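Colleague: I would like to learn how to read this model feature by feature. Where do we begin?

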Amino acid sequence: MKLSFQNPLFNAYAVAASTMTLKAVMISWLTVARMMQVKGGAGGRQKDDPQPQSER
């Protein structure tokens, strides 16, 4: 059995794999964009998170 786009099973697999890859890439960039909107890139840090020495 050869892997070619003539095979409907491989065709479905290729579409599903490329869709999942595209989704993973888009979710990561969406996360970055949302983090940049909150506190100028601080990523929504919690008050309990450690702070650098200059902010203490």
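Modeller: Begin with a polar contact. A side-chain polar atom of Asn 7 lies 3.1 Å from the backbone nitrogen of Leu 9. A polar contact is a pair of N or O atoms within 3.5 Å; within protein, one must be able to donate a hydrogen and the other to accept it, and residues adjacent in sequence count only if both atoms are side-chain atoms. This is a predicted model: local features need pLDDT of at least 70, side-chain atom pairs count only at pLDDT 80 or more, and totals for chains, interfaces and linings use all residues. Residues are numbered from 1 along each chain as its sequence is written, and side-chain values use heavy atoms, with hydrogens and water left out.

Colleague: Is Asn 7 buried or exposed?

Modeller: Buried means under 20% relative accessible area, exposed over 50%, and partly exposed in between (1.4 Å probe, protein chains only). Asn 7 has 15% relative accessibility, so Asn 7 counts as buried. Buried residues make up 2% of the 56 residues in the protein.

Colleague: Which residues is Asn 7 in contact with, leaving aside neighbours within four places in sequence?

Modeller: Contact means heavy atoms within 4.5 Å. With those neighbours left aside, Asn 7 is in contact with Met 1 and Lys 2.

Colleague: How many aromatic pairs does a search of the whole structure find?

Modeller: Rings of Phe, Tyr and Trp (its six-membered ring) pair if their centres lie within 6.5 Å; planes under 30 degrees apart count as stacked, over 60 as edge-to-face and the rest as tilted. The search finds one pair. The ring centres of Phe 5 and Phe 10 are 5.4 Å apart and the planes are at 55 degrees, so the pair is tilted. Phe 5 is exposed, at 56% relative accessible area.
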